[in-house]
Amino acid sequence: MSSVPKILYLCSKNMEETIITSVQNARIKHVVALQQKSAQRRKEGLFVVEGRRELMHCLEAGYEIAECFVLDKQAELANLADLADQGIIFSVSPQVYEKMAYRGSTEGVIAVVRERQRSLEDLQLSASPLIIVLERVEKPGNLGAVLRSADAAKADAVIICDPLTDLYNPNLIRSSIGAIFSVPCVACSSEDCIAFLKARGIQILTAQLQDSSLYYDTDMLRGTAIVMGTESTGLTEVWRQAADAHIRIPMLGQLDSLNVSVSAAILLFEAVRQRNSEK
């Protein structure tokens, strides 16, 4: 087999001959429950990935597939030879696929995937790491967009402190377009994250309006963690006290805040600009 990702191959020899046509099928109901209930995902250590691109990123990151469901008329797009040999690829009717799918136009591929638990100690950081820290950000779409920016800036990690949503929320996976798999991402408490950063000499820059300097006047050449909170309440005092410096994006209009994902992109690429200018 060539280096082309497995998902582009057809190997249906061991797929079930009978197409699943009932939305009451136990496997189908299980997928729907995983899509809709974070408690179910946490309890079982499973989550759902839709779409070829997202599943390719998932496989490339070394995640284990528990089950894979393909829309019958598009089965040739979705084969995974190893999974077919294991008998865990199932063909489904359009009606059943529509019941399972969290969104439209997912190319006829849905997989149930086993979670990978990653701790702060598992992170492999560069000599001058660039890290995004998000405290209590709850909107999955915002988290997904931040992950995409982190991937584009080649950040070392995204750390979610005191999370209000699980990392495998379907909206997060969708909005990240697979960046949840390409960017090392860890959930932990703020206290543990601060201790981790301090122990490694990584400077903590908190994004806040009060008592702050303009972000482009702040040195980001050394190991840096850019910390942001919610748009409504900002960061808690524990982060303000732990910070080595407070930074802000100038707001020239009447509003005093940006979407957290927009702010993250601006600050990440300022770090990239500074580091590239030194080369």
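A cavity, on a 1 Å grid over the protein atoms alone, is a set of points where a 1.4 Å probe fits but cannot get out. The model toured here is predicted, so local features need pLDDT of at least 70 and side-chain atom pairs count only at pLDDT 80 or more, while totals for chains, interfaces and linings use all residues. Residues are numbered from 1 along each chain as its sequence is written, and side-chain values use heavy atoms, with hydrogens and water left out.

**Stop 1: the cavity**

A search of the whole structure finds one cavity of 30 Å³ or more. The largest cavity has a volume of about 70 Å³, a volume being the space filled by probe spheres set on grid points joined across faces, edges and corners. Select Gln35, Val48, Val49, Glu50, Tyr102, Arg103, Pro170, Ile173 and Arg174 to display its lining; lining residues have an atom within 4 Å of a point. Helices (H or I, at least four residues) and strands (E, at least two) are DSSP runs, numbered from the N terminus.

**Stop 2: the largest pocket**

A pocket is an open set of points with protein on both sides within 12 Å along at least five of seven lines. Select Ala207, Gln208, Leu209, Asp256 and Ser257, which lie nearest the centre of the largest pocket among its 24 lining residues. The space in this pocket is about 480 Å³. Helix H11 (260–277) and strand S11 (245–248) each give two or more residues to the lining, and H11 has the largest share, three residues.

**Stop 3: helices H6 and H11**

On the H6 side, select Asn142, Ala145, Val146, Ser149, Ala150 and Ala152; on the H11 side, Val260, Ser261, Ala264, Ala265, Leu268 and Phe269. Contact here means heavy atoms within 4.5 Å.

**Stop 4: the second largest pocket**

Finally, select Glu115, Gln117, Leu167, Tyr168 and Ala187, which lie nearest the centre of the second largest pocket, lined by 15 residues. About 290 Å³ of space lies there. Strand S7 (residues 185–188) gives the most to this lining, with three residues.
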